[in-house]
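Biologist: I would like to learn how to read a model of this kind. Please take one feature at a time.

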Amino acid sequence: LWSLLLSQEAFGFVGPSVRISNEQRHHPSLQAQRTICTFEASDFPLSTGEWPYGESDMKRADETDDSRFSRFVTHIDERAITSLTEFYKEEFTSASSKNANRGLDILDLCSSWISHFPKGRQLFGRVVGVGMNEEELKANKKLTEYYVQDLNKNPSFVFAEDESFDVITNVVSVDYLTKPREVFKEMHRVLRPGGIALMSFSNRCFATKAVSMWLQADDIDRMAIVASYFHYTAKWSSLEALDVLPPPGKTPKPPSLGDMFSNPASGFAWMQTAAAVQKANQGDPLFVIKAVKNKD
């Protein structure tokens with residue numbers, strides 16, 4: 001975390017601590033294993049309601065109309081997509097169980113033709129997508145309704161009443177938001193008490209469309225940026241950074257020289273396995289900042 005600590009002035013951030021709750025400590029789960037760090041209000045130099053970022057931080061190399069930039073593509077690799085879907089399944093199942101197993105009302109921000117949600121309608125109530133391309137939104141089979149809206153032009157959720165959603169998701173698009181303060185305030189407004197916001201991001205982006213401070217940051221700094229968006233716009237019950245990819249696979253121990261002489265196929269098999277493990281460990285990283293709204 002040293003790069004984050006060194007860049008605290010640039011991103012309005014003091015530094016996180018690795019804080020594992022007693023529940024996680026005594027009931028280890030996949031969620032606990034994914035936790036990178038948690039954030040407290042004392043980690044940030046300014047109080048909630050203040051805002052450390054200026055116009056230059058939100059500048060982009062390409063300021064042309066964003067709606068022309070949408071397309072039917074995926075922005076992360078298959079390993080990251082699969083991991084995100086599994087993560088959503090875990091989060092949605094947990095959230096549903098806390099709500100008498102009713103279907104969750106979900107708001108998918110910067111939505112497109114795919115939301116990477118798990119299968120099974122029992123987890124879902126309303127699923128509302130907000131995106132810029134109507135053709136993509138029409139093609140998204142997970143959505144029960146959608147709104148065509150450029151959040152960089154109009155960050156208000158006029159379509160949503162207060163406390164009307166259980167979950168808010170956003171996949172690898174937070175780096176393109178030029179009005180994050182307004183968007184994150186609206187997220188807090190429309191979430192129900194105890195609701196969760198899941199903002200995922202990678203190190204891949206369309207550089208000409210990402211805000212300038214995002215391009216100057218590394219992965220740890222970007223966690224701080226997204227966490228700070230939450231902190232400065234509203235008070236949350238908890239904030240944490242998660243790595244949603246599975247732990248890296250371990251390369252098997254190579255056979256001894258004697259084993260390879262007596263059984264040449266063992267050396268070939270080891271090389272194939274080692275190459276497969278190396279390939280599986282490569283690819284896009286994927287992080288999530290998870291925020292939980294206060295229940296009171």
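Biologist: Which residues have the most contacts inside the largest nonpolar core?

Modeller: First, the ground rules. This is a predicted model, in which local features need pLDDT of at least 70 and side-chain atom pairs count only at pLDDT 80 or more, while totals for chains, interfaces and linings use all residues. Residues are numbered from 1 along each chain as its sequence is written, and side-chain values use heavy atoms, with hydrogens and water left out.

In soluble globular proteins, nonpolar side chains tend to be buried together. A nonpolar core is a set of buried Ala, Val, Leu, Ile, Met, Phe, Trp, Tyr and Cys residues joined through side-chain atoms within 4.5 Å. Buried means under 20% relative accessible area, exposed over 50%, and partly exposed in between (1.4 Å probe, protein chains only). Here the largest core has 47 residues, and Leu-107, Phe-157, Met-187, Phe-230 and Ile-289 have the most contacts inside it. Helix H9 (residues 219-233) gives the most to this core, with 8 residues. A second, separate core of 25 residues includes Ala-95, Phe-117, Val-167 and Val-171.

Biologist: What does Met-187 touch?

Modeller: Contact means heavy atoms within 4.5 Å. Leaving out residues up to four places away in sequence, Met-187 touches Leu-109, Phe-157, Ile-168, Ala-197, Met-199 and Phe-230.

Biologist: In what order do the strands of the sheet lie?

Modeller: Helices (H or I, at least four residues) and strands (E, at least two) are DSSP runs, numbered from the N terminus. Two strands pair if DSSP finds at least two bridges between them. In this model 8 strands form an open sheet of mixed pairing, ordered E1-E7-E8-E6-E5-E2-E3-E4. Strand E1 (35-39) and strand E4 (145-148) are the edges, each pairing on one side only. Strands E6 (residues 191-201) and E8 (residues 287-293) run antiparallel, joined by 6 bridges; Ser-200 has Val-288 in E8 as its bridge partner.

Biologist: Where is Arg-181, and is this residue buried or partly exposed?

Modeller: Arg-181 is in helix H7. Its relative accessible area is 26%, so Arg-181 is partly exposed. Beyond residues up to four places away in sequence, Arg-181 touches Gly-49, Glu-50, Trp-51 and Thr-233. A polar atom of the Arg-181 side chain lies 2.8 Å from the backbone oxygen of Gly-49.

Biologist: How far apart are the end C-alpha atoms of helix H5?

Modeller: The expected span of a helix is 1.5 Å times one less than its number of residues. Helix H5 (residues 78-97) has 20 residues and should therefore span 28 Å; its end C-alpha atoms are 28 Å apart, which agrees.

Note on methods
A polar contact is a pair of N or O atoms within 3.5 Å; within protein, one must be able to donate a hydrogen and the other to accept it, and residues adjacent in sequence count only if both atoms are side-chain atoms.
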